[in-house]
Structures are given as structure tokens and as C-alpha cells.
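Please find below my comments on the model under review. They are set out as numbered points for discussion.

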Amino acid sequence: MEPRPRSFYILAAVFGLFLLFLYGPTITIAILSFQGPEGGLTFPMRGVSLHWFRDLFQEQAVGDIWGAFGRSLVLGLLVMATTVTVSVMGGLAFRKRFAGSALLFQLVVASLVIPSILVSLGVGLIFSQAGLPVHWASSGFGAQLTWTLPFGLLIMFAVFNRFNPAYEEAARDQGASAWQTIRHVVLPIIAPSLIGVALFGFTLSYDEFARTLLTAGSHNTLPLEIYGMTTNVTTPVIFALGTLTTVFSFAVIGLFLVTVWALGRRRARAGSDAGKGV
Amino acid sequence: MERILKSPNVTGWLLAAPLTLVLAAFLVLPIVMIVIVSFWTATDFSIVPAFSWENYAFLFGSEVTYRVFLNTFKYAAITWAVTLVLGFTVAYFLAFHVRSQTWQTALFLLCTIPFWTSNIIRMISWIPFLGRNGIANSTLISLGVIDEPLEWLLFSDFSVILAFVHLYTLFMVVPIFNTMMRIDRSLLEAASDAGASGFQTLWNVILPLTRPGIMIGSIFVITLVMGDFITVRFMSGSQAANVGRLISNDIALLQYPSASATAVVLLATVLLTIGILLRLVDIRKEL
């Protein structure tokens, strides 16, 4: 291997600084959330304690964050399941041109670029004019889908751009019906990418703020609750909450990554049985 | 019947139906509603159906509007420039300087993980860094660079743009890295064989071939910054304004018609900007 050029070291340094820039603040609040009871929002640390984490479990200090967490979790799972199903169907639909497909694609792109606050405002207006109460599981759920579906669909496009149609043709040649081909050939092949779509669906919903702002109704989701805290909480309890939800996010991401990895392992072990039937 | 079900149009429509329904109900209808309400009028307590240009007349007649739109463009332009340079550099390092694929995947994941965590918490995380007694100020003072704490670090244009760059650089890194990975490496060899220096290869070969990725990243960053209201509000300590905040302030005052008029103008501006960028790239081919 040829020696690394000097530019490598400069770029590596830039990259290292970029990672520090990305993670530094998060690590800082993680450290500060262990402030002693007298400590403030910045260094120095006045002792080390779990005081602020304990506060999180006391209703009067932080309001109903556990209820909000539960709602965000349920909503995230709902959005995740819907995003995966609808994106796969949409991805399959877009493999062949159909009347209106170009228009629908433009709508998907529009969904990505239209500012979140417009979706929030518009959905809120429709519900109020129709006399329907806004609720996180109805209006909030729909508003979040306009953000997660485009991502899911773009991932499906990327997947199907790389999909080898020979597998399907082989299945058809063996007499598989259209549904059998999808169920036993296409879905197993794209399964690992579906985990990616699920990750996007869950985390984007779990962290969504702007689209739920006017569509969640009287019961807040966790990001709305945290936002409310930024205006009236001036103690490290907010860092403790931030640390806890970030740890939760990392755990979710880790779970997804491990699943992808395990699937890959299983596939590698099962391997190809090409030629073994002879 | 059999023939109808086998028609590619019908299969396509059936498969695309859920997607179409969701987007129709929660994207198209709401936008139509906003356009309608932008012509309505409001009393202190309720909104009244009408057909009046008063919201638009007020919007375009107010000097504040122009200032706020200008400010929004300023944030978008500066954030775009910074995230482009930073994102390109990071993607370039990952794509062309990291040689082992395992490392490449691992480092790429490290860059993307924050995307899946909460934006609000990532904003809050800057407080201990930038505050008057924060890490940045105390470090600079102890190094002897400054005598007094810098006041413009937090709750200023600087902190707003810093937060934007922090939140959105990934949107540049990912598409640019994606296009860079598809560049045929033999082109780089050819350039080097033809006597191009490293910089000439970067400028004349890699940069033009990376253009689609740059465009996609730019679309993300520009629309996210132009539509934002929470970052500007939080990071400027409510001192700076952009169009998103104009809308959210009206909403807080229950002035929905006026909020809708501003929203329509913002939407037109964003779509116009994106329309121009999309002329330069075909998204579906680039995934």
C-alpha cells in the first residue's frame, strides 16, 4: 500500500474536530446532568450526584414527562409500522410507471421540502374547522407521516435501484404467483433495508417537534414537553432529561444496528445453496 | 376482471393508494386550507370566512416583513455555505481517504447517528458551551485570548448559525458521500496518469461528478433552515426573527389568517428556490 499523503492527516484532523463538534455538546450535558444538588447549568461541577435524575421521577419538579414519554413511544411505534408498510407498497408501485406516478413523486418531494410548521398549521386548521379535536394519535400521527414517508420511500427507491430482477424472474419461471414472488423472494431480500426504514420511522417520529406542535392536542409528546421545560426550567434537571432520552435514542439505534448485523450474519451463514440441489 | 387487475396502472394505483391518501389528507388538503384561510379575517377570538386581501396587504405593506425575509435568506445562505464546505470535506475524507470498508462504515455511522436523536436536546446542549460562564469563554479567558467573556456567543446570530450547522451538516454529508462512492475510481487514476495534481483532480474531476449530491444536500439544508422557527427562537433567545417565527408568533396570538398569508408567501419562496435547484438534478437517478 502506498504511504498516506499529507492531506490525509489534515483531513483526518478536520474529521476528528467534526466528530468532536457533533458529540461534544451531548457529552457535556451528560456530564453536567450528574451535578450536585447545588450545581448550575454550567461548569464547575459542585459535587457529583444523581439528584437531578431523581427529580425526574417527582411529578412536581418536571410535570408529566413519563406520560409524554409513553405517548411518544406509542406514537413512534405506530408511525414506524405505518411507514414501513406504506413505503414498501409505494416502493413496489414505483418500480413500474403508472398513470400519475410522476405527479405522486413530485408530491413526495414536496412533502420533504414543505416547512414543517405549514403542515402543523394546515392540519390544525382543518381539524378545528371540521370541529374535530386534535389528538396526537390522529392529527399528530398524520402530520408526522408526511415527514417519515418520504424518507421511507427514498430508501425504498435506493433499494429497488440495486435490486436484481433475475430473482423474481426465476421465481416466476418456477410458477410462483405475483404474491408468492413478493412474499418469498422480494421481501426476504429487502428485509435488512426495511429495518432501516423502521429506524427512520421510529426516531423521526419520536423526536419530531414542529409537526406535532399544533396537532398533538392537550396531551403533549415528549419533545413538546421538553420544549416547554426550556422556557421555565433553569436547573440541570433538563440536562438529566436530555441525557436520559439521548441514551434511549442510542439504545434504539443500537438495537436496530444489531438487528441488521445479526440478519447479515444469519444470511452469510445460511449462505447460497446454489448448485447444492444437483 | 382478470385483465383489469393485471393492468400495470391498476396494480400501481392499488400499491400507491395508501401513500397517496396520506399525502392528500395531511399535505395537500392542509396546504389548500392554508391558502383559503389566508384570505379570511380574524377577530380577537375567532377566524371569519371571507375573501379579503387584507392579510397580504398588511404583510407586503409592512417593513418588518422584508427585514425578516432578508434575515431568513441570510441564515439560509450562511448555513448553506458552511455546511457545504464542511460536509464536502468530511464526505471527501470518508470516501477517498479511508481505505478499509469497515472503518468507512463505522465512521459514516458515527456521522449519521446524531440525526436520529432529538434536535431540541442537541440545541440545549450548547448552553453550557456558549453561556457567559460557559466552557468557550472560560477556556478563552484562561488561555489569555480575551479578558472579558464574549457576550455574542449565546443568544446571537452566531449561535443560531452554529446550531444550524450542528444540526444540518449531516444532510450534506450523506448525499455527497453517496455520490462520491459511485465515482469510478479509474477516472481518478486517469487524471493522475495525465499529470493532474491532487487539487486539480479534486476540482476538475471529483467536484463536477459530486454535483448531484451537493444539490440534494443543498435542497435539504436550505428548506430546513428557511422553514425553521424553533432553532432561531431558542438559540437567539427570542431576539432574532425569521419567517418561521413570524408565523409561529401569529399562531400563538390565534391570528391564523395572518399566519396563513405569511405561510403562503414562505411556501412560494421555498418552492421557487427548490424548483431552480431541481432543474439542475434528477433526484430519482441519484439514489
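1. B:Phe155 is buried, because 20 other C-beta atoms lie within 10 Å and the threshold for a buried residue is 20 or more. This is a predicted model, and the backbone at this position deserves a comment: B:Phe155 is not a glycine, yet it has a positive phi of about 60°. The residue is placed in the loop between helix 8 (135-142) and helix 9 (157-181) of chain B.

2. B:Leu254 counts as partly exposed, because it has 14 C-beta neighbours inside 10 Å.

3. As to chain B overall, it has 16 helices and 2 strands. The radius of gyration is 24 Å, whereas a compact globule of 287 residues would have a value near 19 Å. The C-alpha trace of chain B spans about 80 × 70 × 30 Å along its principal axes. Of the 287 residues of chain B, 41% count as buried. Among the contacts in chain B between residues at least 6 apart in sequence, 69% join residues at least 24 apart.

4. The next point concerns the interface between the chains. Here, 70 residues of chain A are in contact with 69 residues of chain B. On the side of chain A that touches chain B, the elements giving two or more residues include helix 4 (65-93), helix 9 (178-207) and helix 12 (237-270) of chain A. Helix 1 of chain A gives the most to that side, with 15 residues. By class, the side of chain A that touches chain B has 50 nonpolar, 18 polar and 2 charged residues.

5. Within chain A, one helix pair may be described in detail. Helix 6 (residues 116-129) and helix 7 (residues 136-161) of chain A pack at an angle of about 150°, and their axes are 10 Å apart. Helix 6 of chain A is therefore roughly antiparallel to helix 7 of chain A, as angles over 145 degrees are so classed. The crossing of helix 6 of chain A with helix 7 of chain A is right-handed. Helix 6 of chain A contributes A:Ser116, A:Val119, A:Ser120, A:Val123 and A:Phe127 to the contact, and helix 7 of chain A contributes A:Ser139, A:Gly142, A:Ala143, A:Thr146 and A:Trp147. By class, this contact has 5 nonpolar, 5 polar and no charged residues.

Notes:
Residues numbered from 1 in each chain as written. Chains lettered and ligands numbered in written order. Predicted model: local features only at pLDDT ≥ 70, side-chain atom pairs only at ≥ 80, totals over all residues. Axes fitted to C-alpha atoms, helices over the stretch in contact; angles between N-to-C directions. Helix = DSSP H or I, 4+ residues; strand = E, 2+ residues; numbered from the N terminus. Parallel < 35°, antiparallel > 145°, perpendicular 65-115°, else oblique. Left-handed = near helix turned anticlockwise from the far one by under 90°. Contact = placed C-beta atoms within 7 Å. Nonpolar A, V, L, I, M, F, W, Y, C, P; charged D, E, K, R; others polar. Rg over C-alpha atoms; globule rule 2.2 N^0.38 Å. Buried ≥ 20, exposed ≤ 12 C-beta atoms within 10 Å, placed from the backbone.
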